[in-house]
Each structure stands twice: as C-alpha cells, then as structure tokens.
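Open the model in your viewer and keep the selection tool ready.

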Amino acid sequence: VIITLTTDFGHKDGFAGIMKGVIAGINPQAQVIDLSHGIPRQDVTSAALLLRHSVNYFPRGTIHVAVVDPGVGSERRPILVAGSGRFFIGPDNGVLSLACAVSTPLQAIHLTNAAYHRNHVSSTFHGRDVFAPVAAHLSLGIAPESLGEAIHDFVQIPWPAVQATGNTVLGEIVYIDVFGNLFTNITAGDLAMLSKGTLAFAIGDVVIQGLASHYAAAAPGTLIAVVNSWELLELAIHRGSAEQQCGARIGDKVEARVI
Amino acid sequence: VIITLTTDFGHKDGFAGIMKGVIAGINPQAQVIDLSHGIPRQDVTSAALLLRHSVNYFPRGTIHVAVVDPGVGSERRPILVAGSGRFFIGPDNGVLSLACAVSTPLQAIHLTNAAYHRNHVSSTFHGRDVFAPVAAHLSLGIAPESLGEAIHDFVQIPWPAVQATGNTVLGEIVYIDVFGNLFTNITAGDLAMLSKGTLAFAIGDVVIQGLASHYAAAAPGTLIAVVNSWELLELAIHRGSAEQQCGARIGDKVEARVI
Amino acid sequence: VIITLTTDFGHKDGFAGIMKGVIAGINPQAQVIDLSHGIPRQDVTSAALLLRHSVNYFPRGTIHVAVVDPGVGSERRPILVAGSGRFFIGPDNGVLSLACAVSTPLQAIHLTNAAYHRNHVSSTFHGRDVFAPVAAHLSLGIAPESLGEAIHDFVQIPWPAVQATGNTVLGEIVYIDVFGNLFTNITAGDLAMLSKGTLAFAIGDVVIQGLASHYAAAAPGTLIAVVNSWELLELAIHRGSAEQQCGARIGDKVEARVI
C-alpha cells in the first residue's frame, strides 16, 4: 500500500523522516512517497490544490496524508475521509477537501481512537503522533470505522469559481509553481465552453494572443498561455519566470476572451 | 532493515542518491529513509541534536548514518557505535554522540576493514565510499566486530547543561527549525523540577507569561513558550518566525522562572 | 529494479511525487531513487554531468530517467538508450549523452509506442505522461524495441575538452556544487599525463601551490585544489565557498601547470 505525504515541513529538520520511521515501525511493507514537503508555510489552500491535482496519478487504495496544520493541538479535528478507492488523512482545516471533491466521499471519520495514535501525543506534531500511525494502521487493513467516530461534514475550501459568459471567462491565479508559472482557476473545460473564435488572455495590462501548444512554441522570454498538466490555463514564459516578469501574485485576475 | 541518512549534502548534487545506489547494490532489500540532507553546512551539533531527537521513532535494528564531515580524508576515524538495538555510523567528530547518549552503547568500532568499503576510497566522499557500503553490509547481518577494531572511546559533544535553582532554569537556544521556532536546551523535565507557581520565560528584554498548550492558543504574531516535539522548551510565534522577530541566534540565553 | 530520477522540478510542486505514483501504478515493485530534483532550471549540461558521474554507483540494470526538458511538447524526441547494463530515458536534448558516453550504447529507441504512455499525454509534463510510464514498463521486462523505433543517433553534448601540453592543462569550471566547490573538466588522468614536478593551479589572478590530499589539509578559508569524488580537479575552500570567494562561474578558465 502506498502512503503519500504532503506537508510544509521543509527538508531541514527531519520531521518527514520521523513520520516515515513511525510508519515503518507499524507497517514495514508500506511504501511512502513524498508528494511535497515544500508547501509554503501553513498555506492550506496550496496544499489542497496540489493534492487535488495529484491523486489521479496514484493507484487505487493509496492513502494520502496532508499535514499543513497551523491549528495543531487545538480543537480542530484530525480526520479521515475515504472514497473512490482513496483515503485522505489530515487536520480538518480544508486541506483534504479539494481532493475529496474529485472523489466520492463515502465515509468521514473523526480520528478519536487513541489506540491507533502514539502513546504520548504532543501538542505540536500530530504528523508524527496521530496522522502517521493512523495511516500505517489503515495500510495494515484496520477498518476506517475502527479509527474513530463517523462524522457527516468536514471543512471545505470551495474551488474558486470563475465568472463566465459565452465570450469571456474571468478567473484568477490560484497557484504558482517553482518555475514561476501562473496557474489559474480557468479549466480546459471552461475554455471549451466559449464560443468559437481566437482566444486572448489578459493579466493586468498585458494581453496574450492565442493559446500555445507547448512552452517552446514561443521565443524565450515571451509570455504565453497554455493548458498545463493540471488541465488549467497557465501563463508562462519559456525559459523565464512569469511570476517575476509580471510581478504576479495569487489572487490576481486573469481573463480569457474570444476575439 | 532501515538505514537512515542525515547529511549536509543538500538536494542539488546527487550525493545522497549516489549513497542509495551504493546501498542498493549491496543490499537491495534495505529500506533507506532520508532524515535530513538539509543540515546547515558542516554543523555537526545541529546534526547531532536532530539525530538524538529522531532515533526513538525508528524501529529496533535501524542503522543511522550521519555524514556531516568537514574532516573527510583526514585522520578522523570512521566509526560504528551499537547499542539499545540501534546502530550509528559516521565520522568520529561527535555527530553520533548525542544519539548514542540516549542509547546504551555496547560496542564501538573503528571502521578499518577495507573489505567492506568501496575498492577505491576517495578523499572527499566517505559517505559514498565508506559509510554507505558499511551500513549496507551491516544490514545484511555482517557482525560489527568484522567491520574493524574495537575502540573504547569516541568524540563526545556534551549536552549543553542548564543552570537550575529551585525557581529558575537558565538555558540557551540550541536549534532553530525551518519555521524559525527557537529550541532551547531546557527540557520538560527541567521545568517539572521547578517549584510550584506560574512560569515566565525571558529572552533578551522580552518576557513571556505562562506556557502555552499549543501554537494556536495565542493570537497570530504573539511570542509564546511551548514544550515541543523534542520535549524541549521552545519559543515560537503562531503563524510567524520567532527567529526573525526576536533576531535570535543559537547560543542566546533563555531563562525560565517561577513568578 | 531501480529507477533513478534526475530533474529540475524542485521540491515544492509534487511533480516528482506524481512520477513515482505513475511508476507505482504500473510496477509496484520498482524501487525509485531520487538522484536530484535540484538541477538548476533547464540546465541540461549540469544534469548530464551529474548523471555521468553517478551511474557507476548504481547496480547493473538500473533505469535512469532524466527530465530537464525545456522543449517538452515540441518535436524533440523522447528516447531510450541502452548499453553496458544501464538504461537511460529522457528527452533527446543531450541530457543523457554524457552518461551514455561512459556506457557502450547498444540500442537507441525513439519512444513512439503510445501503448506505453499514459492515455492522455499533456504538452507540458512528459515526465509524468511518457518517461515515467515507459520506465515502469521497461522495469517490468518490456523489451526496448517494443517501446518505439530504433534510431541511430541522438543529440550529444560533447565533453568539454581540455588543452594540454606536457607541462600545462588548460580547462574550465563545468559544475559548481551546493558547497560552492568548483568542479573543472580537468581529470585525474589529465594531471597524471603531465611531466613530473610540483603542480600549481591558476584561476584568474589566484595561484594555488600543490594538490591537497583532502579538504581539512588546509586551514579554514584557504583555497585549495583537490581531486574530487567525480575524479575531477576541484577548487575548494575548507569550511567556505570557493564560488563566493573567487566570484567564479561555470566557464571560467582554470590552468594546471608543472612548476
């Protein structure tokens, strides 16, 4: 069974490695895959977006653990959501919700059964003391309902909706990757709904004519629009950083229009 | 068998990956877990502290390899220390010593048997040429005493002692994590030894009243004191960096007192 | 079977983790080892050098996947090169060529058989949609010739030649590691070809007398010359950064001479 980890722990302090030690101590056969430990600190939405666009690439039965958890130790609930052959474990702060939204949640559990946590649960590191041991026990076949009490709702981060007419879609930047590529919330499906015609894309005062088939279709340094690997409209610069060149930030508006 | 790696190699140059290749060539069944490759360059003490506070979370029999090794190629000895069902491998510069101190060292070996090293040992990368192959052979069941000569001491980094009275404990910052949280050498046990009363914590001119139960117990931006996942007194800022806000550095004094 | 990954994807966005998910979905037994995800963005030559100097440390049969791919989605070919018991998979932009040059290429394949790619191939992430699934199928024993059409050449990055006389070798900096050590293209073999005598090394106006046996042979802060773990002449500073102290860059000339 695969267990993935998505955290804002970085790569300096051993926190992710310790979670793997805890998992290996419970289920030596579990295969742990790091999805990211580079989530911007306490950026629950970035983690939720990344998880949403990653889960389709993992086999059925994979357990996804996400620990971006500014509320660790508070009353926020540790939860498990199961559905569509996937399992999600993490704090109930929305970090799981965008990925759950592309699954069919069958079951949500408040992880109250301390028998599946470490004996001593710290107030600062539930990744180690709650989420890793629960994931490892689940990977051994423990039933979700043994891990705690059924719940009927959990915190949702809504997918940031676009505003669409027949000729325009108004969206915004929702994620920026390490290359400085600007991911918007405008999907390939949104673009397909537009009336026929040439597309143009506007960010601030800049207008891009047409959708590029791939990065290298443009000269280095040119701002282009592409449909990216998340199936989202992305503004990018071949061999450059659109984030830097545009001075763009998450939340900036982007409009697609038929011209 | 699990082999953990703790180094200052970073993530750019493939050094850790090469160590894993060497291990896999000797024991394809060994499970390698990265504890950290982000130790500040040549910071032996940080690596020693991280290893000390990680080993309890790995199963019995785990082999911990630590390579923070400014003296590579010099007369400093490559060593193995075994005890309490754990094995530690690395240079004899103190990097293993804080973790060994929480084990019961039964056996220390100077790794002189070249039969368990790579054929050609470079003078700049003993992680690849000595420590990885020795760890892999050990994981196959080679006895420690086959790997070299018994030794009776090795370099110790002393745990930095606090100065305690019945009403105060004077300690210092010993580690700063990626979030800018300030780890002190004052343990939960030290605090428990104080006389009854409300606690206050002083760093420079700043005084914190009381011990917080968890990060989110305070308003964002407030400096708090918590007992952290290493069971140490930590100064932290919920959704902020205590390192930046306090301008704090390793070695700065922190005092806990009963008020 | 081991599959290594070498990319410029960084550690923030989950791209490498997604490749591992794809591989695990096809061959759960494959063992994936990260060689580097920290290649400077789109620096094909750095990736090619790192791969060349890493492959000898992996067991026979290892599959090396390198995705530094500014031309993704363009006409550049996805290829497989097999030889000397190693397999290399990546874009045909030279990233594989330095490692292939130390193997004996027996077979090169243009990866045209879409049956071994993901159903939907994006134009921006062939690591996920082409290279990871091809590597996974290869690791299951699919024959290289089933993966596409035989080709008879692929893009070569030439090893940057030195200019040698009996008394001098003129080379250049070809790689800089995370410690700021300056790797030149002057090999230990080049130095061995020089006439007998004391060696000196010049970079800009600075001259280093003699070859150091290891880093700690010099006082901290002193610029030294060593033969490093890639068997290349390296300029380094014990407990410091030669890159910073010399203001050096890739391409800067370095001369070794007999004095």
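Select helix α1 (residues 15-26) and helix α4 (residues 126-139) of chain C: their axes come within 9 Å and cross at roughly 40°, so α1(C) and α4(C) are oblique to each other. Oblique is what remains once angles under 35 degrees are counted as roughly parallel, over 145 as roughly antiparallel and 65 to 115 as roughly perpendicular. The axes are lines fitted to C-alpha atoms, for helices over the stretch in contact, with angles from 0 to 180 degrees between N-to-C directions. Helices are DSSP runs of H or I with at least four residues, numbered from the N terminus.

This is a predicted model, in which local features need pLDDT of at least 70 and side-chain atom pairs pLDDT 80 or more, while totals for chains, interfaces and linings use all residues. Residues are numbered from 1 along each chain as its sequence is written, chains are lettered from A and ligands numbered from 1 in the order in which they are written, and side-chain values use heavy atoms, without hydrogens and water.

Stay on the pair and look at the handedness: α1(C) passes α4(C) in a right-handed crossing, meaning that the near helix is turned clockwise from the far one by less than a right angle.

Next, show side chains. From α1(C), select I18(C), M19(C), V22(C), I23(C) and I26(C); they meet G127(C), R128(C), A132(C), P133(C), A136(C) and H137(C) in α4(C). Contact means heavy atoms within 4.5 Å. The residues of this contact divide into eight nonpolar, two polar and one charged. Ala, Val, Leu, Ile, Met, Phe, Trp, Tyr, Cys and Pro count as nonpolar, Asp, Glu, Lys and Arg as charged, and the others, Gly among them, as polar.

Move to chain A, where the axes of α1 (residues 15-26) and α4 (residues 126-139) also come within 9 Å and cross at roughly 40°. The crossing of α1(A) and α4(A) is right-handed.

Now select chains C and B. How many residues of chain C are in contact with chain B? There are 39, against 29 residues of chain B. About 2,500 Å² is buried between them, 56% of it from carbon and sulfur atoms; buried area is the accessible area (1.4 Å probe) lost on being put together, summed over both parts.

Finish with chains A and C: 39 residues of chain A and 29 of chain C make the contact.

Key
Helices (H or I, at least four residues) and strands (E, at least two) are DSSP runs, numbered from the N terminus. Buried area is the accessible area (1.4 Å probe) that two parts lose on being put together, summed over both.
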